Amino acid sequence: MAKLINLKIDGKDVQVAEGTNLIDAAETVGIHIPNLCYMKGMKGIGACRLCLVEAEGGKAPIIACNTKAKEGMNIATNTEKVREIRKFVIDLILSMHPLDCMTCTKAGVCNLQQYAYDFEIKESNFTRKKFGYPTDEANPFIKRDPEYCVLCSRCIRICKAQGTNVLEFSGRGVGAKVVTANDAPLQDSTCTFCGNCVDVCPVNALLESDRWRKGREWDYEKVDSVCLSCGNGCSVTVSRKDGEVVKINSGAPEGAAERFLCAVGRFGFDSMKGDMRLTVPMKRVNGELQETSWEDAIATVAEKLRAAGSETAFISSGNILNEDAAMLKKLADDVVKTKNIDSTVSLYSGYDAMNSATADLENADLFVLVGIAPDQWKRVLPALDGIVRKRMNEGGAKLLVLNSGEPKIASVATAFLKGDEIKMLEQLGQAVISKGVKAPKEMIEALAHVNPSDDAMNAADVFIASNAPVILASPTLYKAAADLSLIKGDAVAVPLEANAKGVVLMGMTSEGKKFSEIVSSGAKLVYAVGEMPLKDRPDTGFLVVQNSHMTDLATQADLILPAATALETDGTIVDYLGRLKQVNKVCEPAGESRQNTEIFMAVADAMGTALKKVKDTDIRKAVKTKTKASFASFKKDKGLDIDAEQFTEDMRKSTINCSRLLWLREVERGVTV
Amino acid sequence: MSGTPKKEEAPKKDMKDVFAAAEKVKCPVQKSQIFVEEFLSEPMCGKCHPCALGTYEALVRLKRISAGLGKKADVAAIQRIADDMLEGSRCIKGKDTAKFLLEALKTDAFREHLERHCEDRECTALILYRVIPEKCVLCGLCKDACKYYAVQGEKKVSYRSGYLPFEIRQKRCVKCGDCMDACPYGAIEVIEEKSGVLV
């Protein structure tokens, strides 16, 4: 625990942890120190000078964003002097800012507007300036209008911190402009369209492209939910107007490294209304899919399930909700009475790896990536890539990468051990032990034969020097990687789907056939729930597809049940750090589509067994079962190697194909080919 | 590794050069304008708002004043910019600029310029060049020196009479001072614009 510091701000006693800056310290007692360029969780740069405060005994005003609280300080945040300087800066900025608050989309959340109001500036006292820079609106995601820019450089700094490094100032002073390399439009730069710059822009210079006349902040209802597009399961805050999603922002707390969203999470929501959205049940009649009623569809499924009985196989993706998974399990166990129930998780992970404990990324000072390759550009676990880079750039964390390939993130690693992950883990473990660090006896014995390389010795120094390492491993390598955590730190298996851990914890662990067998072994009936990484119809007599979109698989189905998307359902997931996250319904399911749970209950009903709703307490109980890491031999789980990029791509195919992300993919392919 | 544009080369001019450039003139308004212009041209780093935005605004106001279009509000704005920059800007460069402006503001020059009066006769908008007819010997040296063909008159040829003294056409005159340097008889003077007559 950090030391606590006592100081006085505007006469109020404040107690904060050592190292807290004055803006954050004041915030704890409800005093807002104005600022335009400060970003919580990142270093202050003192550009806007709005946060100037006066310290008792100090000569000149000091900037609050970059001054750490010291014992016994007495700070005045609102003196005549600093008020005048603040007013002066806002006055100057207003002289070069369009005064069109009446039609500005950012009205209501614009910091400049707020400060102009606070400092009673109706109109700038200075000469009106206009630079006539063109707007970059050549992409369907982010609109950049330099006319509104207040030169706070927040966008530049967030982009650098997360490692995308697309934006930079061109020029100095008033005429400065935020540009990409060669001032190219965003799509011709290395931009990933994650939109995190939009989140931090205090004014209307960066905005979601489709926001014009779609309401302003006060028109929106905010709903917290989770993005289920990949293994990161990022928290999101959805803005809703008239029952429709208008925009999605990161839902992680301000200042957290986890405050990150990628393009899929932020802009993929149009897919809910896309062309391929399934809104009515469909049934194959005379070889063609035809629309049908729910009653008919459910009755058909029930009848087919009854006939298939124990030779039924249920497969689901790893991004259905806990409630859905638990209900599906009940349906399989209690109603259909089959043991063949499995999820896509078994394609890339053993079940026990999914019980891994949690870890604290926000305070980690070392990340060890074992066999995983988070990559914002390929959008494989993009948030993890962003978080690690942010913690490195802003928090001084270190990074060890153990990988047999050449992942992009290795280029920023403190040390990169290239080679077979198990061998590298052994070498690293032995190197750490050889430097005299305590380790379990079994481990010392198991590694006695290993002769660590120089690289491993260097990496060991980094590991030993860290206080709170977090080991993030591919599920197949989790057991071996967790051995390192017996020396120090926490280990976590990082799956490729948002609720992989939850699905396994809810009992979707097959005692019969596993996913890959189900697909190929001729089950009488295959009931597939959610997006599937399958192009071809599984070998089966009857195929039921329950999904939100018309996928390749769905076109080959005998029966299609339209399911609601994540933003149309209530429930929970367990993310890669083992945290239970609440998914909240933002809008009503499109057309006649229904929540997965409802469909399962209707099917069970039709088969004569009423299933009760899954209780929250049951889910909480299931989530609590965490296995403690104990020593396991350094081995990799066999037969679970999949291409993470391809798999991730397959799992979000509908989202991409039915939204403006398709444009992005085409542009990116066009650039890279 | 990154695709961002290259950082500009390190500034070549520093504050010393800025001070030196301002020393070349006497009029406090001119001095301030040159100082700020030179400061903006390179040493200004643009890392904090009071300086980056303030000096630019100050230059706009200074130009207005030296052009004889200044109002009281312009002087007040410069005063405010200088005061706030002194307290608010981040580094010594901004504070030096503020101090320089404050020093200049202490003189009467700014107030006088509002009345279109430049004591040092350096603000070109406020002055006129004139040939003193009594002193002019019609030698034509000024006419040869003027790059802008602003000097009018006929060179005297011996034993002829009926000449008029040389005159400067104000519409063409750019107030460069070349004619003054060329005249060996001191027959060209600078007068205040408001007392002059346009030719």
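How many residues does helix α2 (residues 80-94) of chain A have, and how far does it reach from its first C-alpha to its last? Select that helix in this predicted model: α2 of chain A has 15 residues and reaches 21 Å between those two atoms, close to the 21 Å expected at 1.5 Å a residue.

Keep the helix selected and colour its residues by burial. Because 11 of the 15 residues of α2(A) are buried, this helix is largely enclosed by the rest of the structure; among the buried residues are A:V82, A:I85 and the run from A:R86 through A:K87, A:F88 and A:V89 to A:I90. To see what covers the buried residues, display β3 (52-55) and α3 (111-118) of chain A together with α3 (49-66) and α4 (72-88) of chain B, which are included in that cover.

Next, move to chain B and select helix α2 (residues 28-41) and helix α5 (residues 92-105), whose axes come within 9 Å and cross at roughly 170 degrees. The two helices, α2(B) and α5(B), are therefore roughly antiparallel to each other. Showing side chains here brings up B:P28, B:K31, B:S32, B:F35, B:V36 and B:F39 of α2(B), which meet B:T97, B:F100, B:L101 and B:A104 of α5(B); by class, this contact has 7 nonpolar, 2 polar and 1 charged residues.

Finally, return to chain A and colour it by its division into domain 1 (4-78), domain 2 (111-273), domain 3 (282-349 + 501-566 + 590-624) and domain 4 (353-493). The centres of domain 3 and domain 4 of chain A, taken over C-alpha atoms, are separated by 37 Å, and 6 residues of domain 3 are in contact with 5 residues of domain 4. On the domain 3 side of this contact there are 4 nonpolar, 1 polar and 1 charged residues.

How values were computed
Residues numbered from 1 in each chain as written. Chains lettered and ligands numbered in written order. Predicted model: local features only at pLDDT ≥ 70, side-chain atom pairs only at ≥ 80, totals over all residues. Domains from an automatic or database assignment. Contact = placed C-beta atoms within 7 Å. Nonpolar A, V, L, I, M, F, W, Y, C, P; charged D, E, K, R; others polar. Axes fitted to C-alpha atoms, helices over the stretch in contact; angles between N-to-C directions. Helix = DSSP H or I, 4+ residues; strand = E, 2+ residues; numbered from the N terminus. Parallel < 35°, antiparallel > 145°, perpendicular 65-115°, else oblique. Expected span 1.5 Å × (residues − 1). Buried ≥ 20, exposed ≤ 12 C-beta atoms within 10 Å, placed from the backbone.
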